[in-house]
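Good morning, and thank you for the time.

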Amino acid sequence: MAKRSKLYKAQLEKYDKLKLYPLAEAVKLLKELPAVKFDQTVELSFKLGVAPKQPDQTVRGAVPLPRGTGKKVTIVVIADDEKPRLEAQEAGADFVGYDDIIAKIKGGWTDVDVIICTPSVMAKVGVIGRILGPRGLMPNPKTGTVTMEVGNAVKEVKAGKIDFKVDKTGIIHAAIGKVSFSGAQILDNAKELISAILKLKPQALKGTYMKGVSICSTMSPGITVDVKSVE
């Protein structure tokens, strides 16, 4: 069994690990945990009662967080036409291009957060899917990252839009802000994400959809949220 740090043990002493907390109380407790020297990321995790391998039970989407993420996001736009490339640059994209960007990624460059592209380049982008997919960088129409409106897409991501997707074990992990945010800001973002996930409940699902929710920061254990307080 892994040895727990003094910080981890001190954090565990601040709450009951077996208790289910209402969302607002869980956020309050998280902010009261012993601090570290950097601004930690706050993450929500969901255990869903879906069968991710079934195409009609995949849960994937995007949501604009009303309070932003608190993180500087590096955005790449791939387009084969001058107009969307210009719109992307004006909207604040960090890298804009076409064949040059694809060649750079083929060479191993993946130090980015979001890739947005126009529909016309998807055939070429698909070739580097084996590089982008495992890193969660593959553009997808469902998340708004394959679009002709690249300027708007860049602005939305810069403002705090995040993507989320259930993994093969039925879990969604999503960053919703920083510990330095106020409790109200974290709560606003959490509610927006929860609402988006609830709306994506697969029609084919039989049984319980949202089985568990927890909230944590980068260096903290998870605080279990009462599912009834979020449904």
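Of the contacts in the protein chain between residues at least 6 apart in sequence, 72% join residues at least 24 apart. Please bear in mind that this is a predicted model. The protein chain contains eight helices and nine strands. Its C-alpha trace spans about 55 × 45 × 35 Å along the principal axes. For 231 residues, a compact globule would have a radius of gyration near 17 Å, and the 19 Å of the protein chain agrees with that. Buried residues account for 44% of the 231 residues.

Let me turn to the interior. In soluble globular proteins, nonpolar side chains tend to be buried together. Here the largest nonpolar core has 39 residues, and those touching the most other members are L44, F46, L48, L193, I197, I215 and I223. Which elements give two or more residues to this core? They are the helices α2 (23-32) and α8 (183-199), together with the strands β1 (41-48), β6 (161-165), β7 (171-178), β8 (210-217) and β9 (223-225). The most is given by α8, with seven residues.

Setting aside neighbours within four places in sequence, L44 is in contact with residues including I172, A174, I176, L193, I194, V213 and I215.

Next, helix α2. Its buried residues are L23, A26, V27, L29 and L30. Around the axis they cover an arc of only 165°, which puts them on the same side of α2. The elements covering these buried residues include β1, α8, β8 and β9.

A brief word on S195, which is placed in helix α8. With a relative accessibility of 30%, S195 counts as partly exposed. The C-alpha atoms of S195 and V230 are separated by 8.5 Å, although the two residues are 35 apart along the chain.

I now move to helix α4. Which of its residues are buried? They are I101, I102 and I105. Viewed down the axis of α4, the buried residues fall within an arc of 100°, so they line one face of the helix. Their cover includes β3 (75-78), β4, β5, α5 (122-127) and α6 (129-132). Just after α4, G108 adopts a positive phi of about 110°.

That brings us to the aromatic residues. A pair of aromatic rings is described by the distance of the centres and the angle of the planes. In this model the count comes to one aromatic pair. The ring centres of F95 and W109 are 5.0 Å apart and the planes stand at 80°, so the pair is edge-to-face, the cut-off for that class being over 60 degrees. F95 belongs to strand β4 (residues 95-97), while W109 is in the loop between α4 (99-106) and β5 (114-117), so the pair ties together parts that are 14 residues apart in sequence.

Are the two partners buried or exposed? F95, at 32% relative accessibility, counts as partly exposed, whereas W109, at 17%, counts as buried. W109 has a further neighbour: the charged end of K104 sits over the ring of W109, 4.1 Å from its centre.

Thank you; I am glad to take questions.

Definitions and conventions
Residues numbered from 1 in each chain as written. Predicted model: local features only at pLDDT ≥ 70, side-chain atom pairs only at ≥ 80, totals over all residues. Heavy atoms only, no water. Phe/Tyr/Trp six-rings, centres within 6.5 Å; stacked < 30°, edge-to-face > 60°. Helix = DSSP H or I, 4+ residues; strand = E, 2+ residues; numbered from the N terminus. Buried < 20%, exposed > 50% of the residue type's maximum accessible area, 1.4 Å probe, protein only. Lys NZ or Arg CZ within 6 Å of the ring centre and 35° of its normal. Core = buried A, V, L, I, M, F, W, Y, C linked by side-chain atoms within 4.5 Å. Contact = heavy atoms within 4.5 Å. Arc of directions from axis to C-beta. Rg over C-alpha atoms; globule rule 2.2 N^0.38 Å.
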